[in-house]
Amino acid sequence: MPESSSRLLLLIFLSTALFPLYASRVLPRRNTVVLDVAASVQRTAAVMAFDSQRTHALDQTMKESTVVANSSNLSLKLHSRDFLPLAFAGGHKDYRSLTLARIRRDSARIKSIYARISLAVHGIKRSDLKPLITDDMLETTASGGGEVSGPVVSGTGQGSGEYFSQLGIGQPPRPAYLVVDTGSDVTWIQCQPCSDCYQQTDPVFDPAASSTYAPLSCDSQLCQSLDVSACRNSSCLYQVSYGDGSFTVGEFATDSLTFGSSPPVPSIALGCGHDNEGLFVGASGLLGLGGGALSFPSQIRSPSFSYCLVNRDSSSSSTLDFGAKSADPTTVTAPLLRNSKVDTFYYVGLTGLSVGGEALSIPSSAFAMDEAGTGGVIVDSGTAVTRLQRDAYTALREAFTKGMTDLPAAEGVALFDTCYDLSSRTSVEVPTVALRFEGGKELKLPATNYLIPVDSVGTFCFAFAPTSSPLSIIGNVQQQGTRVAFDLDNSVVGFTPNKC
């Protein structure tokens, strides 16, 4: 047989033998992306199997791995809340119950944000609302002593806070797990004496044991910057309410914060909460990263900060960085906008959405903020699921489902109305989904950021939701695996994929 014929037969044999192997794999076409179903389901099992012993190991890792790049740049490790001691996901009977708990927290978070912005737009100050700082609270806080006891309240069913970090409070530094939140300005921790506190992982902070703790006077600029405050014996008291019934009340003071082995950051204004209800089970308090004058970035005058959020079913860590800027050709930038009515939230210049490479017919007004401060789009670390105005969501869902006709549908789950049964698949091909910004820039989302498991048996749902509010919110599910950088000096938001 001629050599050329032998080669032809060999090629035919190899192509016939190997075709089934390639055919069994999903190879993406243009404007589609592959979702690794098996890996996502495996993560759901791993998060449910994460136990308290491994949580303790995580605790040790955090203590050892908090880093600082140099004297001007600070960096902290970030973890998903479901790996926080006392709050780890193993406390749920199965992954579906964990999903429902996450959705309940998310709904409370959304309610809080919409309430705050609505009040601001209508010119209602939070100080005009019924205060929670009672006479008894004033006496307890101002005295700073005596035996005070009260119930330990679990915050499991309320509040928010999806990612946390550990840092030191006071001198000598006391380790504390704090929720990191771009939707809050005031940093606070639970403090002794505690009249009403929820359960936390670390011992409750005792301000008397810190040599750098200093109460703020009522006439100080920091006290005057609070939305709600009171005065007793010349000491400033604060109140922060989250719109869902959650609140923290106590003494407003300054103390040092320590990031790993870096020198302490002195005189940071924070709330020392003696009455805290319905908040963040496990965490000691909150690190406010908002845009207001009292937020941590504002107090240290950081020109920028960034974070990268790992998959919330992953026990691995990412980082929260202050001051560091890096040029990356893959970064997608957008205007950082501010609302004149409320300075806490970070608005972004979103102009549209695309599915399968095709821009959707959504008017730009659906994402615009008007002169009254209504509408617009915010980027929020504490909201999980992206909310879109109903018409925009409907256009997105319809375009997505048109590209999913070959996959079996499943019943909706809670706020998710578009779900699929992928129990018989190891991977599937899905249409790309992208956020569009000025100048035609696009941030293409990984498939894991918009088609997520809601149980451990293969039910996946489209992770967007409609809202009747004019405000849209880009949530942390859509941000996972992307470094989100806020260049405060230049009013730019940057999105860099795969930079955790």
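Which pattern do the disulfides of the protein chain follow, with bonded cysteines counted along the chain? The pattern is 1-8, 2-3, 4-6, 5-7, 9-12, 10-11.

1. Basis of the note. This is a predicted model, in which local features need pLDDT of at least 70 and side-chain atom pairs count only at pLDDT 80 or more, while totals for chains, interfaces and linings use all residues. Residues are numbered from 1 along each chain as its sequence is written, and side-chain values use heavy atoms, with hydrogens and water left out.

2. Disulfides in total. The whole structure was searched, and six disulfides were found; a disulfide here is a pair of cysteine sulfur atoms within 2.5 Å. Three of them are taken up in the next points.

3. Cys-194 and Cys-197. These cysteines are joined by a disulfide with an S to S distance of 1.4 Å. The disulfide is right-handed because the torsion about its S-S bond is about 95°. Cys-194 counts as buried at 18% relative accessibility, and Cys-197 does so at 7%. (Buried means under 20% relative accessible area, exposed over 50%, and partly exposed in between, with a 1.4 Å probe and protein chains only.)

4. Cys-223 and Cys-236. The sulfur atoms of this disulfide are 2.1 Å apart, and the link is right-handed, with 85° about the S-S bond. The pair links distant parts of the chain, 13 residues apart: Cys-223 lies in helix H6 (residues 221-224) and Cys-236 in strand S10 (residues 235-241). Helices (H or I, at least four residues) and strands (E, at least two) are DSSP runs, numbered from the N terminus. Cys-223 is buried, at a relative accessible area of 3%, and Cys-236 is buried at 0%.

5. Cys-419 and Cys-461. A disulfide with S to S 2.0 Å joins these two. Its torsion about the S-S bond is about 100°, so this disulfide is right-handed. Cys-419 is in strand S23 (residues 419-421) and Cys-461 in strand S28, 42 residues apart, so the pair links distant parts of the chain. Both Cys-419 and Cys-461 are buried.

6. Aromatic pairs. The search of the whole structure finds 15 aromatic pairs. Rings of Phe, Tyr and Trp (its six-membered ring) pair if their centres lie within 6.5 Å; planes under 30 degrees apart count as stacked, over 60 as edge-to-face and the rest as tilted. Phe-400 and Tyr-450 are edge-to-face because their planes are at 90°, with centres 5.9 Å apart.

7. A second partner. Phe-400 also forms a stacked pair with Phe-462, at 4.3 Å centre to centre and 15° between the planes. Phe-462 is in strand S28 (residues 459-462), 62 residues apart from Phe-400. Phe-462 is buried too.

8. A ring cluster. Ring pairs link Phe-259, Phe-296, Phe-305, Tyr-307, Phe-322, Tyr-346 and Phe-486 into a cluster.
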